[in-house]
Amino acid sequence: MNIKSEPVFENKYFFFFLVMVFLIFFGQWGQPTIFGFFDSLAAREAGLSLATSDDYILNMKRLYWGALAYRHGPIPYLIQNISYWLLGKSFPMVHSILQVPHIPILLCSAWIAWKIGVRLGLGRHAWLVPFSLLLQGTVLTNMRTINYEMTLSVLVQLVIIYLLLKAMQNQSSLLEKMAIPILLSIYPHIGADWPLFLLITGLIVACSENRKAILLNRFNLIWVGSLTIYSVIIYQHFFHGSDIFPQLTLPFDKIFGILSNSIVVGEKSLTPWMIWNSFSGLGFLALMWVPIQFARKKTTFNCGKTSSHHGALAEGAPPVMGFLTAIFVWCLVIIIMTMRLNSIYYGIFGTVPVAILAAVFLHSIQRRWTVLLIIVCMIPHILFIFSSELPGTPFSTLKDDLRVPAIAAFINQNHPDFLTQDKVAFLPNYISAGAGYNIRGRYKRVIMQSYFPESRTRLGSPKDDANGRTYLGDRNGSPDYVLNDFMDNYLNKGKISANWLLLVPEHFQGSSGWFFEKLLHDPQIKWVAELYDTSGRKIWLGEVTHQGQLVENAPRYSVEEYAKLFIDRYFYINFMSKDWGYFQRY
């Protein structure tokens, strides 16, 4: 029986309609309005190159050089810039709008995952592959962001796996034979796991009975030549300091970091991976199913359920041991590496092998157990998605904080004189620093971590920050010498080396609170505004003058009112690309 004659999921269009609804729901509901400092803001700024000037040639130059230097590769950079330019012209650049491109990317990923299930012979149960893919927490986490390299990597991986499966079955067209080496050449410009993925594709081919035909494909010269060029670029990076195509060396930097770390069970490492990817356990069980099939002297992979036996086979499917062994090795290596990473976002590189192995296992067992395991696997995902650990998600205890857009609108509306090139702003902590990025303007910024006054170095422990953590990494503030000069001038000479500043109540928490309390009550500062929201959160705007004004006498304004003004009037690409080259000036 040929695979194509296997019964497929009759209601596939309804299934993908539900997938689209699911993606829209989890992508949109509960999104925060504004971007957190620093990574999300930096990602947004990277997507503004196309609108930074009215000069078309200048924009193209910035786009070109930005693509070469973008940490996650030129292809995500180009897609991000085009998406922002199209969306930002007509819609405010809030999180929920810039997240939208993830929806078609993952919808296409689900479609290709379904085709992989059909190609493997799962028949009408091919939907288990996209189901296993989209229910994984790292996919849902990354689809809520505003940069697209992670979900793009999943899509490209799935396309390559699908084309390899067709090649293993000797059913590839000329165009598909050309597409495999082209996509393998492109993938290093998208996925940070590209060395591992190339090794896995090589292992899949090596385990194929049709390996000779695949290897002798004349189009393989494309990716062999590309890999040679990439090797030269990597050599130049490590031995001559070249910064072109940094995404090619990102995996090696991560690997060196991984090797120096110990396996950690904590909030951002092993525990979320195990909870959010319950299907990885099913993937391991799928490998246990392989020798059972061989013990029954079955030599081909489980294809559609054509008989009463839940594990019936179909002819023409790729050999089970070779393909599933390669997928299992991929899954195992990714899980081990993820245990040592400090960011759950990188767990997305394990979603494709986990999805395939999970679908295989769910397909191989009796239907009642399949339903039960699906329900069990959905529970921790739903609980984690709706937990209070993720700001902006439904039922989160961390409500949307609108102080950043509110103060940005207030200053642009009432104090544009603060934004000229001769002015200096003091912006401590992540809220004030985030506001500085959204205000725009060519003024200089002194960005200080909340723990800096006590530690006097950006390497100070984040535990000294408010709420026991900091959103300002070591690389995301002003240089130490700038911050120390500011501290010395103020503590020793009583001079505030800034023209205006922003403070929030969070500054007074932690071991450095004394410093910000001193600033709050300094008679040199005229507090020109206090913005407050319905949750009692505040932000103060102060101007350094000879005649101060007590913070208690500062005029009070509504955060919600000015946040709405910012979103309606300013939060479009024409304004957000203003003074684009100054967004990292300290």
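Ser109 touches Leu133, Thr151, Val154, Leu155 and Leu158, leaving aside residues up to four places away in sequence; a contact means heavy atoms within 4.5 Å. Ser109 lies in helix α6. At 0% relative accessibility, Ser109 counts as buried, the term for under 20% relative accessible area, with exposed for over 50% and partly exposed for values in between (1.4 Å probe, protein chains only).

The model is predicted: local features need pLDDT of at least 70, side-chain atom pairs count only at pLDDT 80 or more, and totals for chains, interfaces and linings use all residues. Residues are numbered from 1 along each chain as its sequence is written, and side-chain values use heavy atoms, with hydrogens and water left out.

Leu107 also has its place in helix α6, which spans residues 102-120. Its relative accessibility is 24%, so Leu107 counts as partly exposed. Leu107 touches Phe16, Val19, Met20 and Leu23, again not counting residues up to four places away in sequence. Leu107 and Leu134 are 27 residues apart in sequence; their C-alpha atoms are 9.5 Å apart in space.

The chain has 26 helices and 6 strands. These are DSSP runs, numbered from the N terminus (helices: H or I, at least four residues; strands: E, at least two). Of its 586 residues, 56% count as buried. Among contacts between residues at least 6 apart in sequence, 75% join residues at least 24 apart. The accessible surface of the chain comes to about 25,100 Å², and 63% of that belongs to carbon and sulfur atoms. Areas come from the Shrake-Rupley method with a 1.4 Å probe.

Helices α3 (residues 56-69) and α4 (residues 74-90) pack at an angle of about 140°, their axes 8 Å apart. Axes are lines fitted to C-alpha atoms, for helices over the stretch in contact, and angles run from 0 to 180 degrees between N-to-C directions. The two helices are therefore oblique to each other. Angles under 35 degrees count as roughly parallel, over 145 as roughly antiparallel, 65 to 115 as roughly perpendicular and the rest as oblique. Arg62, Leu63, Gly66 and Ala67 of α3 make the contact with Pro74, Tyr77, Leu78 and Asn81 of α4.

Helix α11 covers residues 194-206, 13 residues in total. From first C-alpha to last, α11 reaches 18 Å, close to the 18 Å expected at 1.5 Å a residue; the expected span is 1.5 Å times one less than the number of residues. The buried residues of α11 are Trp194, Pro195, Leu196, Phe197, Leu198, Ile200, Thr201, Ile204 and Val205.
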